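Could you help me learn to read a protein model, one feature at a time? I am new to this and would like the general idea each time.

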Amino acid sequence: MQYKRILLKLSGEALMGDRQYGIDPDRLAEYAQEIKTVIEKGVEVAIVIGGGNIFRGVAGASKGMDRVQGDHMGMLATVINGLALQGSLEDAGIQTRLQSAIQINEVAEPFIRRRAIRHLEKGRVVIFGGGTGNPYFTTDSAAVLRAIEIHADVILKGTRVDGIYTADPEKDKKATKFDFISFDDVIRKGLKVMDTTAFTLSQENELPIIVFDMNNKGNLLKVVTGENIGTKVNLQED
């Protein structure tokens, strides 16, 4: 395996499948099987999920809602998604722990770094919910922060596109894909990988990011075995 411990970042929208909102049980089951394949290879897996399929604080604020209140609603949405993924993983026979940055003791463990690392060492999938526990920070920032805290080897950002392009491939048919790109080039070219806070934190801690298509069966295993899948963002172009 190319990577021993990974942080998998999934968007809330990824859980919708072909639906307009909410959670698609079939998509959850597909993700659980993908994650199971890498767990069986001995890879330690931590996961951060967004909440955009249920609620976005930014969207609420744009319509007049208090931003802090909206972000707290978004944090709760990530816990709901975490519970849904936890159920699917356990249905697939995988031991899991859900840890939340906001205290919901009847639902999830509080985030305790050493406990999270111990769970990973025991082969359990650890799902981090509640974002960072603070408003004004995205789940991208939470993913990078948790990855650094647990000493992950890489952040794997599972999306519906197969990497980073010169432009939005869904809008521009002439857009070309990068196999490798440096952090500096992403900034220089104005490419959107993560929000600025998350991206800078990853760069400062020399933590590589791989953007790949999570919906393509077998891609997660290919990434952790070192195949050239998606786009790798590193300090230097490989």
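Q: What should I know about the model before I start?

A: This is a predicted model, where local features need pLDDT of at least 70, side-chain atom pairs count only at pLDDT 80 or more, and totals for chains, interfaces and linings use all residues. Residues are numbered from 1 along each chain as its sequence is written, and side-chain values use heavy atoms, with hydrogens and water left out.

Q: Is Gln99 buried or exposed?

A: Buried means under 20% relative accessible area, exposed means over 50%, and partly exposed is in between (1.4 Å probe, protein chains only). Gln99 is buried because its relative accessible area is 0%. Gln99 belongs to strand β3 (residues 96-100); strands (E, at least two residues) and helices (H or I, at least four) are DSSP runs, numbered from the N terminus.

Q: Which side chain makes a polar contact with the side chain of Gln99?

A: A polar contact is a pair of N or O atoms within 3.5 Å; within protein, one must be able to donate a hydrogen and the other to accept it, and residues adjacent in sequence count only if both atoms are side-chain atoms. Here the partner is the side chain of Glu109, at 3.0 Å. Using contact in the wider sense of heavy atoms within 4.5 Å, Gln99 also touches other residues, including Phe111, His119 and Phe128.

Q: Is Arg114 buried or exposed?

A: Arg114 counts as exposed, because its relative accessibility is 68%. You will find Arg114 in helix α4 (residues 113-121).

Q: Which residues touch the most other members of the largest nonpolar core?

A: A nonpolar core is a set of buried Ala, Val, Leu, Ile, Met, Phe, Trp, Tyr and Cys residues joined through side-chain atoms within 4.5 Å. The largest one has 37 residues, and Ile47 and Leu156 touch the most other members. Elements that each supply at least two residues include β2 (44-49), α3 (67-91) and β6 (154-159). Helix α1 gives the largest share, six residues. Leaving aside residues up to four places away in sequence, Leu156 touches, among others, Ile6, Phe212 and Val224.

Q: How many residues of α5 are buried?

A: Helix α5 is mostly covered, with eight of its eleven residues buried. Among them are Thr139, Val144 and Ala147, and the buried residues pack against β1, β2, α3, β5, β6 and α7. At the N-terminal end, Thr138 caps α5 through a side-chain oxygen 3.2 Å from the backbone nitrogen of Asp140.

Q: What is the phi of His151?

A: Most residues other than glycine have a negative phi, and most peptide bonds are trans. For His151, phi is near 60°, a positive value. This residue sits in the loop between α5 and β6. Another case is Glu206, with a positive phi near 55°, in the loop between α7 (196-204) and β10. Glu206 counts as exposed because its relative accessibility is 56%.
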